[in-house]
Amino acid sequence: MPTSPPTTSARPEPGTGAGPVPAAARVGDGPRRGGTSASAASAPAAARASAFVYAPAPEATDHLRLRDRYPLFIGGRFQPPAAGVHRPTINPATEEMLAEVAEADAEDVDRAVSAARRAFPGWSRLPGARRARHLFRLARLVQERSRELAVVETLDGGKPIRESRDVDIPLVAQHLFYHAGWADKLPLAFPGARPQPLGVCGQVIPWNFPLLMLAWKIAPALATGNTVVLKPAETTPLTAMLFAEICQQAELPDGVVNLVTGGPDTGRALVAHPGVAKVAFTGSTAVGKQIQRSLAGSGTALTLELGGKAAHVVFDDAPLDQAVEGVVNGIYFNQGHVCCAGSRLLVQESIAEPFLRRLTERVGRLRVGNPLDKNTDVGAINSREQLERITELVASGVAQGARLFQPACELPGRGFWFRPSLFTEVSPSHRIAREEIFGPVLAVMTFRTPEEAVERANNTRYGLSAGVWTTKGSRILWMAQRMRAGVVWANTFNRFDPAAPFGGFRESGFGREGGPQGLRGYVELR
């Protein structure tokens, strides 16, 4: 979701892979476009880049001190789970176990909610300036431990270290700093009203931006005087457990932040707990619908940030090289594991051929491999389950008649990997144009007029984000007024700021995170 760093531009050198290419990476090899294979079309780029290769630049990991086993964090202390059950969390790039993490059950969730309820009166009555001190301290400790947090985020999630280091962790600190500034200024955010905290907030976050999503949820809740019970994703819990250590370092009052790890059953127990006054969920649309149904009529406040199928709209007057970089960063950043990823490309028909030629050459230069290597552009897929879903949807695109381009690159023999993929000759009825893939897969379509572009961009059940590429300011405003998306970027993509609200329409959820609008979901106005 956040802004991606610039990608490298050299083609991977031959022989750097660790084994044969998995079947998932061979889907649709050698497709043709205009009678010429896409791989052949990029051959000149390969020849030019063959003399310019990157030496490995792995990030060191010898400074890490991970525990073998992580318990739950309840009431300011690490506590074992009631049932004594733990599950492994693995490195998706190697399939090696990193640590074991507790599996919380309903009894553990009840203990965490009770701890948060006990802490609520003291925390909510604390002057805003005092709450701000704690948030400032959390932000500074995140900065102090930024290298450690970035490496663990990459090990546990598979994203390139450049993205964890340059995007995720800095944005975590920014959100904490930003909301610390609001803690003693809440009346200014809601003129004429007296904002009051809701109570205990149950928060469930996804695996694509583990620590960043934690900050998005915890920072506004604490700033407004609420206490928190948060469940991180079962595949990426480690940075959340490090954040628990940071809470202890910051001397946050006991019970203000509680972390319960586990799978779907843990999340269901948290969402359904009668002591929770507010639920905040980021994840799939299917699970969001289940949560909304389960809370209907309960009086529990709810915000949902769900899936997306964002469109890039590239007009014939757009700066093509800039647009190519924006499209690449919009879909291949974080392996496409981004709810607002620009997974659809609508390019004006008159420039489709030169634009796609440049885009194909650029995708062919992306480096896929070791996420800890600072030169890597595309890391590992987060889990085997997600890899299987991406593989199935890409196969459906080939079966339905779309043409697939995947750059020729050797992938490691272990771990979960998928080549950056680009489909042309896509119909709006194809699954790859309708369903959220949540992987490095781009579906390309064309349009002739601005009206057609709006119609095609809005032809989705989602409404989270979109991007417009043109040199005409009037056209940008015209498009933004007509596109059903919570965020519309102009000549850029995936730009985020803690002061700007983020959220969607339709099946992308409701409510906003960030900015004064993001505070609204955590207060009652009197």
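Is His179 buried or exposed? Keep that in mind as you start the tour, and remember that the model on your screen is predicted.

**Stop 1: the two domains**

Begin by colouring the chain in two parts. Select residues 69-306 together with 504-525 for domain 1, then 308-490 for domain 2. The centres of domain 1 and domain 2, taken over C-alpha atoms, are separated by 30 Å. In the contact, domain 1 takes part with 32 residues and domain 2 with 35 residues.

**Stop 2: where the domains meet**

Now zoom in on the boundary between the two colours. Between domain 1 and domain 2, an area of about 2900 Å² is buried, and carbon and sulfur atoms give 53% of that area. Polar contacts are here too: 20 residue pairs across the interface of domain 1 and domain 2, with both residues at pLDDT 80 or more.

How many salt bridges are counted between domain 1 and domain 2? There are 3 of them. For a salt bridge to look at, select Arg162 and Asp377: their side chains meet at 2.9 Å, N to O.

**Stop 3: His179**

Next, select helix 6, residues 161-182, and pick out His179 within this helix. Here is the reply to the opening question: His179 is buried, because its relative accessible area is 1%, and buried means under 20%. Which residues does His179 touch, leaving aside those up to four places away in sequence? Show Leu135, Ala219, Pro220, Ala223 and Leu519 alongside His179 to see these contacts.

**Stop 4: two backbone angles**

The last stop is about phi. Most residues other than glycine have a negative phi. With that in mind, select Phe438, in the loop between helix 15 (431-434) and strand 18 (441-447). Phe438 is not a glycine, yet its phi is positive, at about 60°. This phenylalanine is also buried, with a relative accessible area of 16%.

Then move on to Asn494, which you will find in the loop between strand 20 (487-490) and strand 21 (509-510). What is the phi of Asn494 near? The value is near 60°, which is positive in a residue other than glycine. Asn494 is buried as well, and its relative accessible area is 0%.

Conventions: Residues are numbered from 1 along each chain as its sequence is written. This is a predicted model: local features need pLDDT of at least 70, side-chain atom pairs count only at pLDDT 80 or more; totals for chains, interfaces and linings use all residues. Side-chain values use heavy atoms; hydrogens and water are left out. Helices (H or I, at least four residues) and strands (E, at least two) are DSSP runs, numbered from the N terminus. Buried means under 20% relative accessible area, exposed over 50%, partly exposed in between (1.4 Å probe, protein chains only). Contact means heavy atoms within 4.5 Å. Domain bounds come from an automatic or database domain assignment. Buried area is the accessible area (1.4 Å probe) that two parts lose on being put together, summed over both. A salt bridge is a side-chain nitrogen of Lys or Arg within 4 Å of a carboxyl oxygen of Asp or Glu. A polar contact is a pair of N or O atoms within 3.5 Å; within protein, one must be able to donate a hydrogen and the other to accept it, and residues adjacent in sequence count only if both atoms are side-chain atoms.
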